[in-house]
Amino acid sequence: MPSQENHAITDLGTLKALAHPLRMQLYRGLCVARTATASQLADKVDEAVSLVSYHLRKLAEHGLVEQADPQSADGRERWWQPSSAGVSLRDENFRDAPERAAAHLAATRLFHEQRAAMYHRYLDERPTWGPEWNSAAPDNESLLRLTPADLKELGEELLALARKYDERGRAAEAAGDTEGRENVALHVYGFPFRV
C-alpha cells in the first residue's frame, strides 16, 4: 500500500529520474489511475510498452513507483502504483551547489510546462465539458502583499484544503458514489514579483 505522505525529493538522482518528460507523464498517469500496467500506460501516452516498462523501472529504482498487487488473474501482467501520495520538491534542498540548483530549475520548468499543457488542453476541449464543469472550474489571479512566512503559511493551508477535498472524493468513490466524478487538476503557484 502506498504511503499517504508525499515523497520528499532531496537527492539529484531522484530529481533527474522524475524530471524526464515521459517519466513525469507516467508518474502523473499512475497517480490518477492509482494502479496500472505498462501496457495501459503505454496506451495513454502513445508509446511502446517496452519503453514505458523501462521508464517505470527507472522510477521504481528511485522509490517513486512500486509494484502493486495484481488486479487481474493474468499472472504475466505487472501492475504498478505510486509509492506515496505525491512528491514534494523544495528549492532549499537544491541550492547548495550550482549543478543541483540548475537541475532543480530545469525540473521545475518541465513540471510547469506540462501543467500549462494540461490546462491548454482543457481550454481547447472546454466545449465538450459542458456548462456545469465550465462554471465550476476556477480561473483566478490574486495579487497579494505578503511576507515569505505569510506565503509559506498560505501554501500550507491551500495544500491542506486540497487534501481534504481529495480524501472526501476518494472516500465517496470508495463508497460507490462515482456519478459525475472526474479527475480534476488543481495547480497553485505563489511567487514574488516586481512591476
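These entries record what I looked up in a predicted model.

**Basis.** I worked with a predicted model in which local features need pLDDT of at least 70 and side-chain atom pairs count only at pLDDT 80 or more, while totals for chains, interfaces and linings use all residues. Residues are numbered from 1 along each chain as its sequence is written, and side-chain values use heavy atoms, with hydrogens and water left out.

**Helix pair.** I looked up helix H2 (residues 21–33) and helix H4 (residues 49–61), whose axes lie 10 Å apart at an angle of about 80 degrees. That makes H2 roughly perpendicular to H4 (65 to 115 degrees). Helices are DSSP runs of H or I with at least four residues, and strands are E runs of at least two, numbered from the N terminus. Axes are lines fitted to C-alpha atoms, for helices over the stretch in contact, and angles run from 0 to 180 degrees between N-to-C directions.

**Core.** I then examined the largest nonpolar core, which has 25 residues. Such a core is a set of buried Ala, Val, Leu, Ile, Met, Phe, Trp, Tyr and Cys residues joined through side-chain atoms within 4.5 Å; buried means under 20% relative accessible area with a 1.4 Å probe, protein chains only. Leu-18, Leu-26, Val-52 and Leu-56 touch the most other members. H2 gives the most to this core, with five residues.

**Strands.** I found four bridges joining strand E1 (residues 6–9) to E5, and the two run parallel. Ile-9 has Leu-89 as its bridge partner in E5.

Conventions
Angles under 35 degrees count as roughly parallel, over 145 as roughly antiparallel, 65 to 115 as roughly perpendicular and the rest as oblique. Two strands pair if DSSP finds at least two bridges between them. Buried means under 20% relative accessible area, exposed over 50%, partly exposed in between (1.4 Å probe, protein chains only).
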